[in-house]
Amino acid sequence: MLGWNVRFVVLGAVEVSVEGLELPSLAPRHRAFLAYLLLHSGTVLSVERLSEAMWGPTRPDTARAQVHAALTAIRRTLRAANTGHLVETRPAGYVITPEPGQLDLQEFTTLVAKAESEARSELRSGPGSERGFEPAAAVRTLRGALALWRGPAFADVQAHFAESARARLEDRRLAAIERLVELEFAAGRHEELIDQLAAELTAHPLRERLAGQLMLALRRAGRQTDALAVGRDYRRRLADEQGLDPGPDFLAVEETVLRGEPSAAATIRPPAADLLATARPAEAVLPAAVTARREAAFLPYDIADFAGRSVQVEELCQPAGQAVTISAIDGMAGIGKTALAVHAAHRLAERYPDGQLFIDLHAHTAGQRPLEPGEALEVLLRQLGVPTERIPASMTERAALWRAELAGHRVMLVLDNAADAAQVRPLLPGASDSLVLITSRQRLTDLDGARALSMDVLPLPDALALFTGIVGERAAAEPEAVTEVLLLCGFLPLAVRIAATRLRHRPRWSVDHLAERLRDERRRLTELARSERGVAAAFTLSYRQLTADQQRLFRLLGLHPGRDFEPYAAAALADLPMERTEDVLEDLLDAHMLQQRVFGRYVFHDLLRRYAADLVAEQEPPQARDAALTRLLGHQLATASAAMEVLYPDSAHRRPRIERATLPPVPLHDAPQALVWLDAERANLVLAADRDVAHTSLLATTLYRYLYDHAHHDDALTLYGKALRAARRREDPADEGRALTDLGWVHQVRGRHDVAREHFDRALAACRTAEDRRGQARALLGLARVSTDEGDHERAKEANLRALELFRDIGDRFGEAVTLDYLGIVHERLGRYARAADLHRQALELSREIGSRGGEADALDNLGVACTRLGRLTEARDHHEQALELYRLFGYRRGEAKALNSLAEIAATMGDLGQAVRLHSAALDLAVELSNRSEENRAREAIAQLLSAPETSRRK
């Protein structure tokens with residue numbers, strides 16, 4: 001269902017509006033949570049991270065509860081605009097994913113990137129000199145971006161994260177203003193900018209670039225005295241407040257103003273942490289004295305369409321407080337390590353006037369071996385201008401000369417494509433105030449003194465900016481197709497760049513056509529290859545650097561059907577001991593062939609998963625692949641069975657006997673551990689059910705109680721549908737009846753009574769054919785529940801009694817307890833409240849006797865309903881509260897909404913209408929999330945009635 005035109009505002013006071021009208025205001029605390037979600041839109045945020053953001057290290061004991069309450073309030077607000085789907089609950093936390101144009105911060109980022117692309121395009125197509133040049137499109141776009149700001153970001157947010165986030169965003173705003181001023185200067189507009197620059201400098205008096213730009217604007221307007229006064233004021237403030245002198249760029253501007261040159265070309269370069277690159281090379285804006293010292297300048301060119309990575313650039317530009325600053329940038333192939341290092345190096349170049357050196361160490365270069373340290377030192381010494389005859393033969397002597405040449409100098413060194421720390425160590429400077437930037441596909445964990453920076457894929461706004469910067473206006477015409485292309489590229493910069501470049505060179509292609517070519521997973525890597533520098537080629541170079549054991553495990557992991565996996569599954573696939581498996585997985589993690597987003601679980605990048613699947617198909621014989629899959633399925637089924645034994649010992653007789661796997665089992669000592677494993681592996685288990693018919697039926701039967709009690713209805717429908725098809729292929733009426741019954745229960749809880757009845761009728765027929773009395777009883781119980789929901793209570797009573805007789809005949813005490821409880825519901829609906837209470841008590845006693853905690857909770861909750869009907873409200877409330885505690889203790893979410901609604905009704909009857917509204921609202925949120933139509937409708941109708949009551953009543 002489509003939502004209305006929602007708009008999120010964080011560049012000012014936090015607001016949510018629909019069609020221009022602000023939605024009912026969230027509480028300040030809830031606005032803070034929304035602000036942090038929007039700041040990290042598209043990123044899954046754990047409860048712990050949200051708590052840290054709100055309160056810092058001293059979080060309250062109620063932090064977790066407050067997080068859940070805030071998310072509930074946010075969802076409620078968004079549901080008013082029919083956009084509750086924008087906030088999702090994931091296994092690892094919560095995520096908000098605004099659509100394009102809904103979040104002002106995303107729009108600001110996109111417009112700034114677009115303006116930079118337009119500026120570069122206009123500069124390339126404009127006249128050779130700046131006089132008369134007018135970057136009109138870039139100026140308009142930047143002004144549009146800045147117009148989005150309505151005040152300081154998160155102006156009304158007081159949370160722990162707000163101050164630092166506000167400062168970072170303010171830096172981005174100022175960088176955009178400074179870039180706008182630079183473009184306006186290029187068009188010859190100076191006087192118009194004086195008031196704006198003066199106001200910004202008043203607010204940010206230590207912003208060197210602003211001060212320099214105001215000085216130039218004043219000088220070009222003929223106000224030399226005022227320009228010099230600005231300079232003197234800036235110098236005084238800088239000395240008084242920070243004890244520093246201005247940088248060389250400011251000095252160059254000051255000298256220009258002093259000389260009184262009316263058309264000065266000097267300007268202040270952007271600080272290294274700015275988001276925007278300047279449009280001209282550095283030499284064009286530096287005084288001759290500075291450029292003369294830059295003879296040892298070997299940096300490659302800075303990519304014109306570099307996008308994003310602002311946080312990483314800022315981190316690389318922070319001084320480390322030591323003589324030699326070493327930053328080691330690691331990440332998977334194609335992630336953009338070299339581009340980031342070169343971009344940051346250009347930003348920092350003026351801090352290191354004695355030389356900017358660059359060398360490719362060829363750790364992953366096609367057709368070349370990695371450089372030996374001695375070879376690398378020879379290249380670097382030559383870059384410093386050391387004659388060949390002075391370079392010693394031995395590596396040790398070369399290293400000593402290298403350190404001697406650098407002593408006392410400020411040099412930047414980029415060591416690109418490093419193999420390991422051993423290759424890098426001899427190249428590090430000694431006693432000098434220098435910077436070393438290292439890139440590697442390996443984590444250089446043993447390089448002492450290095451600051452590690454591990455790169456991830458691009459966030460959506462940055463990937464969009466990169467793609468749009470290459471493709472141009474065609475991207476804006478098909479925003480949905482662009483997003484799909486970025487998803488299919490896995491937001492990997494190399495893949496995004498290749499896809500965008502292909503599109504740019506094919507003017508007759510639409511973006512949707514490119515997306516269609518990438519949708520075929522088997523062709524995707526081929527589409528993104530197209531050259532020796534393609535994605536597959538980059539992956540191959542990384543793969544060849546692995547050991548034989550690492551390569552084998554990497555290949556076999558390509559057989560895993562799920563998105564992520566734990567070490568036990570990897571050990572099963574490779575038939576390796578756990579200790580060895582964990583070591584190899586960590587090696588693959590360090591080599592960035594795997595990722596780890598959650599502790600203890602590993603995941604492929606989407607393109608690397610396809611690469612591994614291709615490798616295993618090419619290099620492993622069919623029998624080896626089949627054996628690996630058989631081991632994996634056996635491990636999954638055995639562990640799932642063990643988890644169910646821990647969670648549901650009362651219904652062990654209903655589950656198939658599963659042979660234990662030969663490998664050590666996953667340690668599941670208690671219910672929380674079992675539940676954590678099932679939650680983490682659920683998607684993998686459902687996907688694995690396609691691999692083997694017998695396995696599918698066993699898995700569906702094993703997982704039934706977990707999927708039903710924890711309301712995983714979509715996964716249940718998928719798994720039981722697979723089990724039904726498998727049973728029909730095997731012509732097994734007992735399994736067919738079981739699958740039909742399981743499907744019926746899911747449809748029943750979702751309120752689809754006609755579909756549920758059809759499934760239960762077919763199940764009953766199949767179980768009679770198979771002479772499966774337990775199956776018949778389960779189908780009858782389902783028919784009884786559907787009849788109850790439809791109001792046919794006499795028919796429900798008859799079906800319940802028949803099921804009860806069958807369960808007692810076969811000695812199924814669990815089934816007997818459940819049926820007694822359902823029979824009590826029927827009597828309650830018939831108005832026989834005392835009889836209903838008696839049946840619920842029988843079910844409660846039997847459930848406790850057999851150790852069925854779920855049955856105990858259901859019986860308590862239903863007993864509470866009967867007591868309410870009998871007028872015993874205090875007793876009823878106690879029963880519901882006990883039931884709710886059990887539901888929450890064991891995560892039985894299907895019952896939690898029902899218990900909350902019942903407690904709300906008691907509160908309303910006792911006159912506490914405010915509490916009733918709060919409880920019904922909590923029940924509604926849960927019921928909507930679980931697609932529980934009956935409890936959702938129950939809560940909605942009750943809330944509507946309560947809200948129509950007088951205000952004074954609701955405040956009680």
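Me: What makes the contact between arginine 832 and glutamate 794 a salt bridge?

Reply: In this predicted model, the side chains of arginine 832 and glutamate 794 come to 3.8 Å, N to O. A salt bridge requires a Lys or Arg side-chain nitrogen within 4 Å of an Asp or Glu carboxyl oxygen, so the pair qualifies. The two residues belong to distant parts of the chain, 38 residues apart: arginine 832 lies in the loop between helix H36 (813-829) and helix H37 (833-850), and glutamate 794 in helix H35 (residues 793-810).

Me: Why are arginine 832 and glutamate 794 called partly exposed?

Reply: Arginine 832 has a relative accessible area of 35%, and glutamate 794 has 44%.

Me: Is arginine 150 buried or exposed, and what is the class of glutamate 15?

Reply: Arginine 150 is exposed, because its relative accessibility of 59% meets the criterion of over 50%. Glutamate 15, with 24%, is partly exposed.

Me: What separates glutamate 170 from arginine 173 in helix H6, and how close do their N and O atoms come?

Reply: The two residues are 3 apart in helix H6, which means a separation of about one helical turn. An α-helix has 3.6 residues a turn, so residues three or four places apart point the same way. The closest N and O atoms of glutamate 170 and arginine 173 are 2.7 Å apart, and the two residues form a salt bridge. Both ends are buried by the criterion of under 20%, because glutamate 170 is at 16% and arginine 173 at 12%.

Me: Why is helix H23 described as largely enclosed?

Reply: Of the 10 residues of H23 (residues 535-544), 7 are buried, so the helix is largely enclosed by the rest of the structure. The buried residues are Val535, Ala538, Phe539, Thr540, Leu541, Ser542 and Tyr543.

Me: What makes strands S12 and S13 a pair?

Reply: Pairing requires at least two bridges, and strand S12 (residues 595-598) and strand S13 (residues 601-603) have 2, in the antiparallel sense. Valine 598 has arginine 601 of S13 as its bridge partner. The hairpin of these strands has 2 residues between them, and there glycine 600 takes a positive phi near 85 degrees.

Me: Why are strand S11 and strand S12 called edge strands?

Reply: The open sheet of 3 strands runs in the order S11-S13-S12, with antiparallel pairing. Strand S11 (564-565) and S12 each pair on one side only. S11 pairs with S13 over 2 bridges, and phenylalanine 565 has tyrosine 602 of S13 as its bridge partner.

Me: How many disulfides does the rule give?

Reply: The count is 0, the criterion being a pair of cysteine sulfur atoms within 2.5 Å.

Conventions: Residues numbered from 1 in each chain as written. Predicted model: local features only at pLDDT ≥ 70, side-chain atom pairs only at ≥ 80, totals over all residues. Heavy atoms only, no water. Buried < 20%, exposed > 50% of the residue type's maximum accessible area, 1.4 Å probe, protein only. Helix = DSSP H or I, 4+ residues; strand = E, 2+ residues; numbered from the N terminus.
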